[in-house]
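Hi there,

Here is the structure I promised to pass on to you. Have a look at it below, and then read on for what turned up in it.

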Amino acid sequence: MRIRTLAVALGAAVALGAAVIPAARGAAADAVTVTSVTTGPGSISISTTSDTAITALSVELATTTSRDVLTLSLPDFTLAAGTGTGASTWTLNHALSVSSLPPGTYGVDVSAQDQGGGTGGDDSATLAWLATPTLTLTASNPTFSFASPSVTFSGTLALTNPDGSPAGPARLTGLPVQLTDGTGGNAAGTTGAGGAFSIAISHPANGAAYVAAFAGTSASVAGKSAPVTVTATKAQAEVGVRVSATQLNYGQSLTISGTAQYASGGQLVPL
């Protein structure tokens, strides 16, 4: 009887001990880190570290006023370095186009997930997807004179989209252009149809190198034309003087008069 009682007591003790043993914890989630996001003109490169193979990438391109302008996923990227587990690098495997992503500057929001369910992300990068300007400039005359002091500077502004296509005519109209002479003189103009502009300058700076400059917009970078130099042509001048008398007595007044003239078209013209 004593033996049976002891066995029951030991069985109860074992059952009680089993009840107080804590349950084993579940396995920790995989760690995924987006270590860097690098962008260039139409390129995106993403570096990740993960405990197991990366199974999903999501890249959202957005502006401050428009979310999810374009969303890219894992099939849009090629594994450029690594195996997909551990340290790996993914690069965009196709060209972007302005039909799917209009020119502008975009925030790049990246999220990644691996096979074990781990996730990581980064939203610190930006993509500058901007048009590039090309400006031409010519002068109506490379010289100017006192008789013809005005020179008209004309040119065109064209924009090349970041995917290499030309910007349409509607985007070339009404853009501000600044004509500068490099010495502090500026004159403003605005493009018309096809990006054409024309700015007239009276008495330009002699020998100055004039440049047409475009400051850029939210959809394009800045640019400027090659310099155009204009020079002044010196005109022959003649000054004639007459006096009212050749001899004077003390206290008498003398009147001096004359005419200043310059040569224009082979004739002397009064200034």
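Let me start with a pair of charged residues: Asp-109 forms a salt bridge with Arg-67, and their closest N and O atoms are 3.9 Å apart. (A salt bridge here is a side-chain nitrogen of Lys or Arg within 4 Å of a carboxyl oxygen of Asp or Glu.) The pair links distant parts of the chain, 42 residues apart: Asp-109 sits in strand β7 (residues 104–114), Arg-67 in the loop between β3 (54–62) and β4 (70–73). Strands are DSSP runs of E, at least two residues long, numbered from the N terminus. Asp-109 is partly exposed at 29% relative accessible area, and Arg-67 is exposed at 54%. For those words, buried means under 20% relative accessible area, exposed over 50%, and partly exposed in between, with a 1.4 Å probe and protein chains only. A search of the whole structure finds 1 salt bridge.

Before going further, a word on the source: this is a predicted model, in which local features need pLDDT of at least 70 and side-chain atom pairs count only at pLDDT 80 or more, while totals for chains, interfaces and linings use all residues. Residues are numbered from 1 along each chain as its sequence is written, and side-chain values use heavy atoms, leaving out hydrogens and water.

Next, a sheet. Four strands form an open sheet in the order β1-β2-β6-β5, with antiparallel pairing; two strands count as paired if DSSP finds at least two bridges between them. At the edges are β1 (32–40) and β5 (77–81), each pairing on one side only. β1 and β2 (residues 43–50) are joined over 8 bridges, and Thr-39 has Ile-44 in β2 as its bridge partner.

Strand β6 (residues 86–92) of this sheet holds Ser-88. Is Ser-88 buried or exposed? Ser-88 is buried, at 2% relative accessibility. Its side chain reaches the backbone nitrogen of Gly-84 at 2.9 Å. Leaving aside residues up to four places away in sequence, Ser-88 touches Ile-46, Ser-47, Thr-48, Leu-79, Ala-81, Gly-82 and Thr-83, where contact means heavy atoms within 4.5 Å.

Finally, please look at strand β15 (residues 196–202), where the side chains alternate. β15 pairs with strand β12 (residues 150–160) in the antiparallel sense over 7 bridges, and Ser-198 is the bridge partner of Ser-154.

Conventions: Polar contact = N/O pair within 3.5 Å; in protein donor to acceptor, adjacent residues only side chain to side chain.
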